[in-house]
Amino acid sequence: MVELLRFRDDEPSESPAVTVDSFGDQSNAGAVRIEPGDDARELLPHLAHVRRVEINFPVFGDGRGYSAARILREAGFEGEIRAVGDVAVDQLAYMRRCGFDAFQPDKAMNDADVEVALSRWDDVYQKTTDGLTPIWALRHGNADV
Amino acid sequence: MYQYDKYDQQMVDTRVEEFRDQTRRRLSGELSEEKFRPLRLMNGLYLQLHAYMLRVAVPYGTLSGAQMKALGDIADKYDRGYGHFTTRQNIQYNWIKLEDAPEILADLAKVEMHAIQTSGNCIRNISSDHFAGAAADEIIDPRPYAELLRQWSSFHPEFSYLPRKFKIAVIASDTDRAAMRLHDIGIQMVRNDAGEIGCAFYVGGGMGRTPMVAPLINAFVPLDELITYSEACLRVYNRHGRRDNKYKARIKILVHEMGKDEYTRQVEEEFTHLKAQGIEPPLAELARIEPYFADPAFKTGIVDEIASDAPDFALWVGRNTVLHKAPGYVSAVISLKPVGGIPGDASADQIRLMGDLATEYSFDECRVMHTQNIVLPHVEKGRLKELYDTLAANGLAAPNLDTIEDIIACPGLDYCSLANARSIPVAQKISERFAGNGKTAALGELKLKISGCINACGHHHAGHIGILGVDKKGVENYQLLLGGSEAQDTSLGKITGPGFDEDGIVDAVEKATDVYLEKREDGERFLDTYRRIGMDPFKEAIYG
Ligand code: HEM
Ligand code: SF4
C-alpha cells in the first residue's frame, strides 16, 4: 500500500502548504494548496518560489483540479504537483496526463492496481504537456510533436 | 465510412480490458458502488428500475451493415431480443447483467464499436446530420470533423469530470436535422467569403429543466483551430461551470449567468493561450479522415423515376424517402414507429435485417436518426420497390416519417428510475388514435415528442406538440406544450395550461390538431398555424 506515490527524483518537500490567498503575502512558503474554486493562474507570477503545489480533490467528481494542473504545467512549472484528497487508482492515468506527479490519497492505493492503471494505455489521442506523442502525430510520422 | 486503424482499435480494446478489470473489482466488492458508478457510466452502463441499461455509441449515427448486425446479435445474446434506438443516435439495451457487460464491450470492439463516454459527466458521443453525405443541401460532409472531435474527446484527461454531461453536434447545412442549437456545443460547417470551410460555434444550448437555445459565439473558426477552440470552450466550462447544484451545472447555465459576451471573451483568452501549446492535430489528419467519407461509387445514367403505382408503396415513397444529391438515388427512412409500437424499438431480427439491407441496397451504410428511425442513405430509385417489399414483410414499412405517428418518446416510467410518468403507452395511444381516425395524412408534418419527466430526454420542449409527464400528488399527469421546434427555426414550446390524465392527454392532442385543421391557411404546417394564431384558440378548444 502506498501513502505517497511520487514520480519525481528530487527529495519531497514537506513544508506545510498555504492557501492561494495567503500565498501572495508569504512568498517564502514554498508550498501552496489549491482548492477547487481557486484560480491557479493567480499563482503564475510566483511560480519561481514554489516547490510543491497541492491540488485538493474534496470529491473525486469535481474535476477542476485537472485544469489547474494543466494550467500550471502549460506555464512551465516544473515543481511537484500533488493530488490530495479523494483520489483513486482509476483517476491516476488522466491525472498523470494533466501534469500531476505525486499523489497523496485519503485512502491508500494498492501497488498492483497502481502499476496496472499506469501501464495500461500505450497511446493517447490528445497532446498535453506530459511528453507523450499523440496518435495523430504518430500517424503522420512525427514522433516529437 | 470511417475505419479504425491499429491505434483506434487498440484504444478500444484497452478500454474493454480496463472495464473488465473494474467490473471484476466491483463484483468482488473491492470497489464500492459509489466509486464504480462513474466508471461504469463512462462505459455507458446505467442502473435502472429493473436491470442495468447499456448505451452503445454510434458515432454521428453512422453504422455499417456488419455493425448493425452485431447490434442485433447483442440484443439476442445479452438482452431480451430487443434494442432501443435513442434520440442521441445511439442504441440502448434495457435488460443487461453487470457480469455480461465486459463481454458485450468485447463483442462491440470486434466491429469497431464501443460504449465509451455514452454517459457520465464527460464529452458524450458526437451527433450529426443523419443525411450527411447524401443531403442535397449540405456544403460538405460534416462527419470527418465529427470524427476528429470524437478522437479528441475520447479519453480526454482534463474533461472527464466536468460539472455535467457535454453533448456536441456537427452539421453542414442551413437546414438543421440534428437539433444543433440544443446541444452544449453546436457546430455548423460554413464557408466564408474567401470560400474556405470553417466552423460556426454555438455554445450553451440544451433541454432538460431549463431549455435554452445556444447563442453563436464565433461565426468562423478555421479548420486548423477546431480542436484548440473546442478545448478552450471546455476549459472555461470545466473551471467555471457550477458544481453546487446539479440542475444548474450544464454549460447553458454558465453561458446564461456569465453572459454570452463574457463567456466568449474568456474562451478567446484561453484560445490565445492554448494556440501556443500546439495541441491541434495537423490538417494532414483531417486529410487522412476525409477519404473514409468520400461518396460511394454512385452509378450514373440510372433510372431517375420511381416506377410503381401500387398505392401502399407510393404512399411510403411519398412519406419516407428524401431527396438525394446524386441523380437516381434517394435516402430511404425505415420507420421504427409502427402504429401502437414502442418508438425506437426493434427486434434482434429486424436489426439484423436492416444491417443486411444496408449492405444490399445502400453501399453498406445505415444511419440512426435522432427521431429514433433508421436511414438507408443511398438507395437506387430503381430498387426501391424491392426494398419496400422486404420492409413491409418484416413490419418495417410504416409510412409515417415526420407525421404525428412518428413520435419521439423517452423510456419513461416503464424503464427509467427518474420518470414521473410513462411515455410509451401515451405514444402508443396517440399513434393508434390518429391511425384510426385517418387524420395523419391531413395533418402533414407534425412533430410530437414525449418525455416522462423534466429531464427532457424525449425533446418535449422542441416538439410542435410536446408532452411532459409530471407527478401530481402521486398520480401520473401530462402537460401539453405547443410551438417547439428543433430545426433551423429553433423554438421552445409553451405549456397550454393544466395537465391531463393518460386518456385526457390523447383527447387534448386531438383537439389541438382539430384547431389546426380548421384554421390553417394554404401550405401551413401545424407549427406555422400556431405561430400565426397564437395559443388562445388552442386553449379555448382544449379547455373551453
Ligand atoms: C433510461 C435512462 C435515462 C436516464 C436515467 C436519463 C437521464 C437524463 C437526465 C438526468 C437528463 C437531464 C440532464 C440535464 O439536464 O443536465 C437527460 C437528458 C437527456 N437525455 Fe436522458 N436519460 C435516460 C434515457 C435517455 C434516452 C433513452 C434518450 C434518448 C432517447 C435520452 C436522451 C436524452 C436527451 C436528448 C437529453 C436532453 C439533453 C439536454 O438536456 O440537452 N436519455 N437524461
Ligand atoms: S425524460 Fe425523464 S423519464 Fe424520460 S428517460 Fe429521461 S430521465 Fe427518464
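This is a predicted model: local features need pLDDT of at least 70, side-chain atom pairs count only at pLDDT 80 or more; totals for chains, interfaces and linings use all residues.
Which residue stands opposite Ala102(A) in strand 6 of chain A? Arg82(A) does, and I start there as a way into chain A. Residues are numbered from 1 along each chain as its sequence is written, chains are lettered from A and ligands numbered from 1 in the order in which they are written, and side-chain values use heavy atoms, with hydrogens and water left out.

Helices (H or I, at least four residues) and strands (E, at least two) are DSSP runs, numbered from the N terminus, and two strands pair if DSSP finds at least two bridges between them. In chain A, strand 5 (residues 80-85) and strand 6 are paired in the parallel sense over four bridges. Strand 6, residues 102-105 of chain A, is also joined by two bridges to strand 1 (residues 5-6) of chain A, and here the two run antiparallel. Strand 5, helix 3 (residues 92-98) and strand 6 of chain A make a right-handed β-α-β unit, right-handed meaning that, with the strands pointing away from the viewer, the path from the first strand over the helix to the second runs clockwise.

Now to chain B. UniProt, in an unreviewed entry, places the feature "domain: Nitrite/sulphite reductase 4Fe-4S" at residues 119-273 and 404-542 of chain B; such positions are given in the numbering used here, feature names are shortened, and annotations may be inferred rather than shown by experiment. In the model, residues 119-273 of chain B are 31% helix and 17% strand, with end C-alpha atoms 30 Å apart, and residues 404-542 of chain B are 37% helix and 17% strand, with end C-alpha atoms 18 Å apart.

Let me take one open sheet of chain B, where five strands come in the order 6-7-8-9-10 with mixed pairing. Strand 6 (127-128) and strand 10 (216-222) of chain B are the edge strands, each pairing on one side only. Strand 6 of chain B runs parallel to strand 7 (residues 168-171) of chain B, joined by two bridges, and Ser128(B) stands opposite Val170(B) in strand 7.

Another open sheet of chain B has five strands in the order 16-17-18-19-20, again with mixed pairing. Strand 16 (408-409) and strand 20 (494-495) of chain B each have a single partner strand, so one side of each is left without a neighbour in the sheet. Strand 20 of chain B runs antiparallel to strand 19 (residues 475-482) of chain B, over two bridges, and Leu481(B) has Ile495(B) as its bridge partner.

Finally, which residues are around ligand 2? Among them are Cys410(B), Cys416(B), Cys453(B) and Cys457(B), where near means that a heavy atom of the residue lies within 4 Å. The shell has eight nonpolar, four polar and no charged residues, counting Ala, Val, Leu, Ile, Met, Phe, Trp, Tyr, Cys and Pro as nonpolar, Asp, Glu, Lys and Arg as charged, and the others, Gly among them, as polar.
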